[in-house]
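Okay, everyone, thanks for coming. Have a look at the screen, and I'll talk you through it.

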Amino acid sequence: MAGKRHGSWHLRMLVLVSTVVVMRAASRDYGDALSKSILFFEGQRSGKLPPTQRVTWRRDSALADGFGQGVDLVGGYYDAGDNVKFNFPMAFSTTMLAWSITEFGKSMVGTSDLQHALEAIRWSTDYFLKATSLPGVVFAQVGEPNSDHSCWERPEDMDTPRISYAVTEKSPGSEVSAEIAAALAASSIVFKSFDRGYSRLLLQRASKVFDFADTYRGSYNDSIGQWVCPFYCDNSGYQDELLWAAAWLHKATKATFYWTYVTENIHNLSSFTEFGWDAKHAGINVLISKYILINSLDSAPFLQNADKLVCSILPESPTLGVEYSPGGLLFKPGLCNMQHSTSLSFLLLAYARYLKSANKVVQCDNVVATPSRLIRFARGQVDYILGKNPPNTSYMVGYGRKFPQRIHHRGSSLPSVGQHPEHIDCKGGTPYFSSNEDNPNLLIGAVVGGPDINDSYADSRADFAHSEPTTYVNAPLVGLLAYFRAHS
Ligand SMILES: *[C@@H]1O[C@H](CO)[C@@H](O)[C@H](O)[C@H]1NC(C)=O
Ligand SMILES: *[C@@H]1O[C@H](CO)[C@@H](O)[C@H](O)[C@H]1NC(C)=O
Ligand SMILES: *[C@@H]1O[C@H](CO)[C@@H](O)[C@H](O)[C@H]1NC(C)=O
Ligand SMILES: *[C@@H]1O[C@H](CO)[C@@H](O)[C@H](O)[C@H]1NC(C)=O
């Protein structure tokens, strides 16, 4: 008996030791990546930077945004490698940052990561409070995008027209207004336990902006399309944003009105498997499924739709609707592929946890997808991004031994104001854009559009589809990294 017990103990030790060794070799430093993924947002800040700013090669910029139209629109984020404030994707990024914290932030309590994540959300919500302060008006964008995109200029030097574009009762924009309402409602949940007054303010504004979006229906394509298209054209319509906002408002208030709104209108949406700054369909179903599973409510069509999402993504599913590179990165058509990897992984991870607590699995025809399979899937995508891929490259700037050096980002690629205080004008930046040198300023935490479908990455500044970082790649990644830091 004793011998046997001793033997099995010995065996267990051996297994334990070898597991530790394997884990070491394969595991990523999720904590380091998490801190960096949040730091990235400081590099994207527009407006007057606070004394606590850690990305010190950036300085104040766009300090008179909105003034020409008699409003204060200073603040917010640049979406990517340019200097326009596109409120539609900015709002989606904010909603996803807030969801990252409400869903996966528990393990961050008491850490500086949480403090910084709250600051990242507030940087946005403070701006959205300004953008929605006039009744009957929602500001949708600041910066004339065509002249901005034809210059390679630091935000601190910007001299292109900073025109503000608004949607109104007469020229509505339900997608941008509803996404801002979703961002404010989701953020109000985050701030509930940290700043009750601020949380209440965000929620009140969210419900007003939702009313505006719902009462005056229309797409900003039709009202300000000349400036939002082709950059952030609304291709998937505005009904998904209205439902998404109502789903977040329901989560924040538990009011029957919003529940009824979602359940009565969900049948208007025909696609279930899209999720990103333009298409909220899959996110609505996953978000609502938590409430349904907790309260054992009638699941149709939310769980069925969420299951279809899972079955469209898992590589072994017979109804697969996405592609994979040989190295395992998820691919969908279009620019900035990494946004699909992070946002869809986020949904699968969130859904896995809801299913797990309800003891459920997903059935993709004859293939069973367990919650732990979904979690493993999400971790695989995150690990790929952090360097577990054929060229062994991390796609996060400043993380790991090898990472992108020539990202498509004006501020990162031009010398900083500290190094080069003289103004660099619109075309004065062209030599820096065309140079083969590495960028002088590390935008730490930025995750680029990523490799091509054969797992290769050119690291070319001109190749913006692959080398440009965006806020909506990072925002869901914050939640994924928070989870894997706590569970690995
Ligand atoms: C927005 O514009 C794009 C491009 O013109 C078009 O494909 C899309 O259908 C439009 N969306 C809506 C909701 O009008
Ligand atoms: C959903 O469709 C119904 C019937 O066409 C319509 O009355 C309703 O306004 C739509 N809801 C939304 C949010 O667009
Ligand atoms: C990447 O790392 C793996 C495992 O350490 C190694 O086998 C492979 O040769 C590396 N590939 C490159 C391109 O360095
Ligand atoms: C990937 O590789 C395949 C097969 O070699 C090739 O046909 C395809 O053009 C490549 N795609 C890209 C984006 O390089």
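So, aromatic pairs. How many does a search of the whole structure find? The count is 32. And keep in mind as we go that this is a predicted model.

Let's start with two neighbours, Phe40 and Phe41. Their ring centres sit 5.3 Å apart and the planes make an angle of 70°, so we call this pair edge-to-face. The cut-off for that label is an angle over 60 degrees. Now, are these two buried or exposed? Phe40 has a relative accessible area of 0%, so it is buried. Phe41 comes out at 2%, so that residue is buried as well.

Here's another edge-to-face pair: Phe104 with Tyr483, with 5.8 Å from centre to centre and 70° between the planes. Where do these two come from in the chain? Phe104 belongs to helix H3, which covers residues 87-104, while Tyr483 belongs to helix H18, residues 471-486. That's why I like this pair: it ties together parts that are 379 residues apart in sequence. Phe104 and Tyr483 are both buried, too.

Ring pairs join them into a cluster, and its members are Tyr30, Phe92, Trp99, Phe104, Trp244, Trp248, Phe275, Phe346, Tyr483 and Phe484. If you want to find it on the screen, click on Trp244 or Phe346, which are among them.

Rings can also have an arginine over the face. Arg45 does this with Trp123, at 4.4 Å from the ring centre. Arg122 does it with Tyr198, and there the figure is 4.0 Å.

Okay, on to the ligands. Which residues are around ligand 2? You'll see Arg217, Gln239, Tyr261, Asn265 and Asn268. Sorted by class, that shell has three polar residues, one nonpolar and one charged. Let's go through some contacts. The side chain of Gln239 has an N or O atom 2.9 Å from an oxygen atom of ligand 2. Asn265 puts a polar side-chain atom 2.8 Å from a nitrogen atom of the ligand. With Asn268, a polar side-chain atom is 2.3 Å from a ligand oxygen atom. How much of ligand 2 does the protein cover? On its own the ligand has 360 Å² of accessible area, and the protein covers 53% of that.

Then there's ligand 1. Around it you'll find Ser219, Asn221, Cys233, Asp234, Asn235 and Gly237. This shell divides into four polar residues, one nonpolar and one charged. Asn221 has a polar side-chain atom 2.3 Å from an oxygen atom of ligand 1. Asp234 makes its contact through the backbone: an N or O atom there lies 2.6 Å from a nitrogen atom of the ligand. Taken alone, ligand 1 exposes 360 Å², and the protein buries 48% of that.

Last stop, Ser133. Where is it? Look in the loop between helix H4 (112-131) and strand E2 (137-142). With a relative accessible area of 42%, Ser133 counts as partly exposed. A polar atom of the Ser133 side chain lies 3.0 Å from the backbone oxygen of Lys130.

Key
Residues numbered from 1 in each chain as written. Chains lettered and ligands numbered in written order. Predicted model: local features only at pLDDT ≥ 70, side-chain atom pairs only at ≥ 80, totals over all residues. Heavy atoms only, no water. Phe/Tyr/Trp six-rings, centres within 6.5 Å; stacked < 30°, edge-to-face > 60°. Buried < 20%, exposed > 50% of the residue type's maximum accessible area, 1.4 Å probe, protein only. Helix = DSSP H or I, 4+ residues; strand = E, 2+ residues; numbered from the N terminus. Lys NZ or Arg CZ within 6 Å of the ring centre and 35° of its normal. Near = heavy atom within 4 Å. Polar contact = N/O pair within 3.5 Å; in protein donor to acceptor, adjacent residues only side chain to side chain. Areas by Shrake-Rupley, 256 points an atom, 1.4 Å probe, with all protein chains shown as cover. Nonpolar A, V, L, I, M, F, W, Y, C, P; charged D, E, K, R; others polar.
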